[in-house]
Amino acid sequence: MKTSAFYFFLFFVPFFLGAQTRKMTAAEVTTFQQKLKKVAEVKSLSADFVQYKHVSFMKKPVESAGKVYVKQPNKLSWAYVSPFQYKMVFRDGKVFINDQGNKKTLDIGNSKQFEKISTLISSSMKGGGYDEKEFAVSYFKKGNADLVKLIPKLNDAKKYVKEIELLFSTKDGQVEEVKLIEPSNDYTRFVLTNRKINTGIEDAVFNL
Amino acid sequence: MRFLIFSVVLIVSFSSCGTYKFPNAVGVRESTQQELNSYYVDTTQTYVYRFNMQAFKQAQNGNLLIETQAPEIHRIAMISDFGQTLFDISIYPDRYDLHYAMPDLNKKLLLREVTDIFRTLTARRYAQSALLFMDKQHFPVYEVDHTYYTLKERHVAQILRTKAGKERFTIEFLDVDQRIAEAIRVTHAKYPITLDFKLDRKQSNL
């Protein structure tokens with residue numbers, strides 16, 4: 001009997017530990033979309049981020065961390081501070097890069113994946129929904145948090161990204177996690193913490 | 001016409017079967033079996049290197065992941081800083097299995113070259129021939145399968161891979177600490193490509 005109880009806990013307890021994910025009801029989707037519209041009032045956002053790259057054969061993810069600044073309508077600074085220093089600034093249709101003192105400028109088209117995520121974070125901030133021509137959008141509840149899953153429809157995007165998940169904070173309604181799943185099922189998870197809304201960001205942040 | 005065909009065959013034969021002449025070497029001698037390149041033989045270890053690649057005037061940074069699945073089988077992945085997998089490949093002594101390659105990099109010739117570089121970097125080899133030098137102070141150099149291993153302080157300091165009698169690429173182990181390669185540089189002789197790897201001990205499982 002004791003052995004059976006042990007196996008019961010061993011196999012079934014983990015299923016109850018994580019927050020369960022379920023599809024939103026139609027009413028919940030409407031409420032969520034209304035919340036997104038309120039988020040449109042956000043003019044700027046700064047946050048710390050930790051990036052976890054999960055590769056199937058690695059026991060632990062590869063981690064890096066940094067700071068992100070977003071200023072509407074179209075300025076974004078994404079800077080790694082650990083374990084290396086690397087800063088990317090997106091503005092005026094270009095990517096400005098500072099790689100430990102080596103500075104360069106690229107056309108935005110050379111960083112397709114980054115462009116994708118910056119557009120998603122910005123559009124989540126702006127609210128107003130997602131481009132349903134580009135993505136199949138589905139809405140979920142993960143515990144009490146809202147979760148949006150985006151599956152690319154366009155063949156070009158499908159080659160790089162299988163699915164994008166955006167998890168919204170229950171506290172401030174902002175995006176707190178972005179998960180980019182690749183066609184191989186390896187994925188990168190970005191966790192945004194210490195989020196500050198409309199606190200005013202110096203323009204100097206968007207210079208190298 | 002017959003002479004022309006003969007000449008072409010002769011040229012192709014000579015160009016493909018040419019013998020590489022290692023600088024300052026005067027001959028080859030038989031040696032007792034020498035184990036070479038044992039940096040990546042421990043199957044309990046995984047390595048995370050930070051890489052910087054300069055290729056055709058373009059730069060790319062990211063992480064190189066190496067898992068030893070068996071002393072002669074390695075799984076290698078390169079990921080960009082932003083987390084995008086560039087390629088993920090298992091390398092065997094005589095073939096490779098591609099798990100994923102970013103569409104822009106999924107080209108047979110490129111993958112073959114990448115596999116050759118990383119197989120040379122990671123595979124343990126055994127040599128039975130060593131080069132002879134006039135200068136007796138020269139570091140020992142062993143040769144296996146058109147690949148030359150230079151030893152310094154009992155570890156492989158440089159691997160020079162040749163193809164069709166010409167240098168193809170060089171791998172330098174620039175910093176080795178307690179049999180672990182901390183810094184590596186790969187320089188391609190045919191294409192303008194250099195790769196620098198620096199070990200990230202904190203994220204590696206050593």
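Colleague: Where is the place of A:Pro83 in chain A?

Modeller: In this predicted model, A:Pro83 sits in the loop that lies between strand E4 (75-82) and strand E5 (86-91) of chain A.

Colleague: What makes the peptide bond from A:Ser82 to A:Pro83 cis?

Modeller: Its omega is near 0 degrees, and the bond is cis.

Colleague: Is B:Asn37 buried or exposed, and how do you know?

Modeller: The threshold for a buried residue is 20 or more other C-beta atoms within 10 Å. B:Asn37 has 23 other C-beta atoms within that distance, so the residue is buried. B:Asn37 belongs to the loop between E1 and E2 of chain B; its phi is positive, about 55 degrees, although the residue is not a glycine.

Colleague: Which residues does B:Tyr149 touch, leaving out those up to four places away in sequence?

Modeller: B:Tyr149 touches B:Asn37, together with B:Leu36, B:Ala127, B:Val141, B:Tyr142, B:Val156 and B:Ile159. In the largest nonpolar core, which has 41 residues, B:Tyr149 is one of those that touch the most other members, along with B:Tyr49, B:Leu64, B:Ala77 and B:Met78. Apart from that core lies another, of 25 residues, including A:Ala47, A:Met88, A:Val148 and A:Phe190.

Colleague: How do you know that the radius of gyration of chain B agrees with that of a compact globule?

Modeller: For 206 residues, a compact globule would have a radius of gyration near 17 Å; chain B has 18 Å, and therefore agrees. The C-alpha trace of chain B spans about 60 × 45 × 30 Å along its principal axes, and 30% of the 206 residues count as buried.

Colleague: Why are strand E1 (21-23) and strand E7 (102-107) of chain A said to stand at the edges?

Modeller: Twelve strands of chain A form an open sheet with antiparallel pairing, in the order E1-E8-E9-E10-E11-E12-E2-E3-E4-E5-E6-E7. E1(A) and E7(A) each have a single partner strand, so one side of each is left without a neighbour in the sheet. The twist from one strand to the next averages 20 degrees. Within chain A, four bridges join strand E9 (residues 145-152) to strand E10 (residues 163-168), with A:Lys149 and A:Glu165 as bridge partners.

Colleague: Which element gives the most to the side of chain B that touches chain A?

Modeller: Contact between the chains involves 23 residues of chain B and 22 residues of chain A. E3(B) gives the most to that side of chain B, with four residues. By class, the side of chain B that touches chain A has seven nonpolar, nine polar and seven charged residues.

Terms used. Residues numbered from 1 in each chain as written. Chains lettered and ligands numbered in written order. Predicted model: local features only at pLDDT ≥ 70, side-chain atom pairs only at ≥ 80, totals over all residues. Contact = placed C-beta atoms within 7 Å. Helix = DSSP H or I, 4+ residues; strand = E, 2+ residues; numbered from the N terminus. Nonpolar A, V, L, I, M, F, W, Y, C, P; charged D, E, K, R; others polar. Pairing = 2+ DSSP bridges. Axes fitted to C-alpha atoms, helices over the stretch in contact; angles between N-to-C directions. Rg over C-alpha atoms; globule rule 2.2 N^0.38 Å. Buried ≥ 20, exposed ≤ 12 C-beta atoms within 10 Å, placed from the backbone. Core = buried A, V, L, I, M, F, W, Y, C linked by C-beta atoms within 7 Å.
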